[in-house]
Amino acid sequence: MHMAISYEGRSYQRTLKDIQKASRKRDKLLDAGKISLPSGAGKLAIIVSRVPDHSSKLTPREQHRAFLEEADTLLQARREDHQQIDIKRIAVVDDMKLVFGDPEVTDVALIGHGSLGCLWADGGRYFDWQAAAKAASYLKQGQIEQRMCGNLPSKIGKAGEIKAEELPHKYTVALGTFAVTNLSNVLAAAGREVPEVDPPDDLFQPVYSGEGTVAENIEALNQAYGLQPTIKAA
């Protein structure tokens with residue numbers, strides 16, 4: 001049984017307001033029928049980040065090469081499941097905005113370094129759940145598969161007040177939350193690090209049950225993982 005976590009502070013309240021705003025927009029898109037083609041009838045977009053993690057044992061070039069190989073493996077494995085598969089070999093924020101707004105893109109796979117709520121992008125930028133929500137003018141009927149680390153960013157506590165491992169994480173929203181018609185189609189490795197080389201597909205699972213409101217699903221996600229340390233990659 002998980003201990004309930006109490007979140008508070010300005011950052012939390014601001015996040016709740018952003019969640020409410022994004023939920024209203026998603027509801028309007030659903031009501032207006034602003035959805036992509038059905039999965040399988042359009043495109044799978046695979047977006048690869050080349051932004052390195054400098055704490056990695058691999059060089060930046062080796063990291064990007066591993067991510068590109070992962071994208072090529074996905075292309076071969078899923079070629080028959082989609083009318084077309086496009087690989088964007090560098091994660092550029094403006095390109096990602098177009099992908100999330102394209103009704104012909106039914107599914108998205110994100111590969112690279114990041115967290116449950118964002119993908120690191122070129123130019124020192126990142127593409128997070130708020131950017132995805134804003135860009136999503138047509139909701140995806142397929143899956144958004146976040147093939148990057150699923151860690152929830154940590155909160156910072158006062159020295160001597162509480163042990164770091166006992167601190168709840170920052171209130172977190174999965175990147176693809178407001179860009180899909182069905183919340184259970186957001187896949188990620190919640191609470192886990194992802195190996196840079198050849199991560200197993202079964203590592204990426206639905207992060208939401210899809211039952212209840214969006215806010216309830218996000219709350220359940222944070223209650224489930226908020227006090228758990230990130231599980232390290234093997």
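Visitor: Which two side chains meet in a salt bridge at 3.1 Å, N to O?

Guide: Asp72 and Arg89. Keep in mind that this is a predicted model. The pair links distant parts of the chain: Asp72 sits in helix 2 (residues 60–78), and Arg89 sits in the loop between strand 2 and helix 3. They are 17 residues apart.

Visitor: Are these two residues buried, exposed or partly exposed, and what are their relative accessible areas?

Guide: Asp72 is partly exposed, with a relative accessible area of 33%. Arg89 is partly exposed too, at 39%.

Visitor: How many salt bridges does the whole structure hold?

Guide: A search of the whole structure finds 8. Take Glu104 and Lys43, whose closest N and O atoms are 3.8 Å apart. Glu104 lies in the loop between helix 3 (93–101) and strand 3 (105–111), and Lys43 in strand 1 (residues 43–48), so the pair ties together parts that are 61 residues apart in sequence.

Visitor: Why is Lys43 classed as buried?

Guide: Buried means under 20% relative accessible area. Lys43 counts as buried because its relative accessibility is 18%.

Visitor: Which residues are linked in a network of salt bridges?

Guide: Glu70, Arg78, Glu145, Arg147 and Asp201. Look at Glu145 and Arg147 in that network. Their closest N and O atoms are 2.7 Å apart. Both Glu145 and Arg147 are buried.

Visitor: Now the sheets. How do strands of a sheet pair?

Guide: They pair through backbone hydrogen bonds, either parallel or antiparallel.

Visitor: How many bridges join strand 4 to strand 5?

Guide: There are 2 bridges between strand 4 (residues 114–115) and strand 5 (residues 118–121). Gly114 has Leu119 as its bridge partner. A hairpin of 2 residues joins the strands.

Visitor: And how many bridges join strand 5 to strand 6?

Guide: Strand 5 and strand 6 (residues 125–128) run antiparallel, joined by 4 bridges. Find Trp120, then look opposite for Tyr126 in strand 6. This hairpin has 3 residues between the strands, and Gly123 there takes a positive phi near 75 degrees.

Visitor: What is the strand order in the open sheet of 6 strands?

Guide: The order is 2-1-3-7-8-9, and the pairing is mixed. Strand 2 (84–88) and strand 9 (205–206) are the edges, each with a single partner strand, so one side of each lacks a neighbour in the sheet. Strand 8 (residues 186–190) pairs with strand 9 in the antiparallel sense over 2 bridges. In that pairing, Ala188 stands opposite Gln205 in strand 9.

Visitor: How do side chains sit along a regular strand?

Guide: They alternate between the two faces of the sheet.

Visitor: Last feature: the surface. Which residues form a positive patch?

Guide: Lys21, Arg24, Lys25, Lys28, Lys97, Arg125 and Lys134 form a positive surface patch. Helix 1 (residues 10–31) gives the most to the patch, with 4 residues.

Visitor: Where is Lys28, and is Lys28 buried or exposed?

Guide: Lys28 lies in helix 1. Lys28 is exposed, with a relative accessible area of 62%.

Technical notes: Residues numbered from 1 in each chain as written. Predicted model: local features only at pLDDT ≥ 70, side-chain atom pairs only at ≥ 80, totals over all residues. Heavy atoms only, no water. Pairing = 2+ DSSP bridges. Patch = residues over 30% accessible without salt bridge, like charges linked within 9 Å, V, L, I, M, F, W, Y side chains within 5 Å. Areas by Shrake-Rupley, 256 points an atom, 1.4 Å probe, with all protein chains shown as cover. Salt bridge = Lys/Arg side-chain N within 4 Å of Asp/Glu carboxyl O. Lys, Arg positive; Asp, Glu negative; His and termini not counted. Charge placed at Lys NZ, Arg CZ, Asp CG, Glu CD. Buried < 20%, exposed > 50% of the residue type's maximum accessible area, 1.4 Å probe, protein only.
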